[in-house]
Amino acid sequence: MNEAHGDGSAPARIHVPSLTVAIVIMLVATLYPPLMVNAAGQVDHGLMTALFFAMSAGFVRGVGFVPQALAWRWLFSSWACLAALAAALSMKLLSGN
């Protein structure tokens, strides 16, 4: 699994912070879905999109996969996971729930 890449870069390894964020989002979304509704009791799709994007990026980077294409590498990076998590947090705080 930790083979060296043909381009001379270091092998990809599990990234524990990203994987932890992804697992926490997965568990919270599964065990406490009311966290993702707005004041009217309807699903907050913006919040869900940001959370599930953060979860996806966290799982991809967390298991050690680093895409070679620059766009995909950025999209599934730890920084993208953090940005989506920050967006979700700001949406939740600004909604007042």
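1. Buried, in this note, means under 20% relative accessible area. By that cut-off, helix α2 has these buried residues: Leu47, Ala50, Leu51, Ala54, Met55, Ala57, Gly58 and Gly62. The model is a predicted one. The buried residues of α2 pack against α1, α3 (70–75) and α4.

2. Overall make-up. The protein has 4 helices and 0 strands. Read from the N terminus, its elements run α-α-α-α. Of the 97 residues in the protein, 25% are buried. The exposed surface comes to about 6,400 Å². Carbon and sulfur atoms supply 72% of that surface.

3. Contacts along the chain. Take the contacts in the protein with a separation of 6 or more. Residues 24 or more positions apart account for 62% of them.

4. Geometry of α1 and α2. Helix α1 covers residues 16–31, which is 16 residues. From first C-alpha to last it reaches 22 Å, close to the 22 Å expected at 1.5 Å a residue. Helix α2 has 18 residues. Its reach, taken between the first and last C-alpha, is 25 Å, close to an expected 26 Å. Just after α2, Gly64 takes a positive phi of about 100°.

5. Which residues of α1 are buried? They are Ser18, Leu19, Ala22, Ile25 and Ala29. These residues cover an arc of only 130° around the axis, so they lie on the same side of α1. The face turned away from that buried side carries the exposed residues Val16, Pro17 and Leu31. Cover for the buried residues of α1 includes α2 (45–62) and α4.

6. The core. The largest nonpolar core has 13 residues. Those with the most contacts inside it are Ile25, Met36, Leu47, Leu51, Ala54 and Ala88. Elements giving two or more residues to this core are α1, α2 and α4. Helix α2 gives the most, with 6 residues. As background, nonpolar side chains tend to be buried together in soluble globular proteins.

7. Ala54 as an example. Ala54 belongs to the buried residues of α2. Leaving aside neighbours within four places in sequence, Ala54 is in contact with Ile25, Cys81, Ala84 and Leu85.

8. Ser18. Where does Ser18 sit? Its place is in helix α1. Ser18 has a relative accessible area of 4%, and it is therefore buried. Not counting residues up to four places away in sequence, Ser18 touches Gly58, Arg61, Gly62 and Ser78. Among them, Gly58 and Gly62 are buried residues of α2. The side chain of Ser18 also makes a polar contact with the side chain of His15, at 2.9 Å.

9. Ser78. Ser78 is found in helix α4, residues 78–95. Is Ser78 buried or partly exposed? Its relative accessible area is 22%, so Ser78 counts as partly exposed. The cut-off for buried is under 20%. Beyond residues up to four places away in sequence, Ser78 touches His15, Ser18 and Arg61. The side chain of Ser78 makes a polar contact with the side chain of His15, at 3.2 Å. Ser78 and Val60 are 18 residues apart in sequence, and their C-alpha atoms are 9.2 Å apart in space.

10. The His15 site. The His15 side chain makes polar contacts with the side chains of Ser18 and Ser78. Arg61 touches Ser18 and also Ser78.

Terms used
Residues are numbered from 1 along each chain as its sequence is written. This is a predicted model: local features need pLDDT of at least 70, side-chain atom pairs count only at pLDDT 80 or more; totals for chains, interfaces and linings use all residues. Side-chain values use heavy atoms; hydrogens and water are left out. Buried means under 20% relative accessible area, exposed over 50%, partly exposed in between (1.4 Å probe, protein chains only). Contact means heavy atoms within 4.5 Å. A polar contact is a pair of N or O atoms within 3.5 Å; within protein, one must be able to donate a hydrogen and the other to accept it, and residues adjacent in sequence count only if both atoms are side-chain atoms. Accessible areas come from the Shrake-Rupley method with a 1.4 Å probe; for residues, only the protein chains shown count as cover. The expected span of a helix is 1.5 Å times one less than its number of residues. The arc is that of the directions from the helix axis to the C-beta atoms. A nonpolar core is a set of buried Ala, Val, Leu, Ile, Met, Phe, Trp, Tyr and Cys residues joined through side-chain atoms within 4.5 Å.
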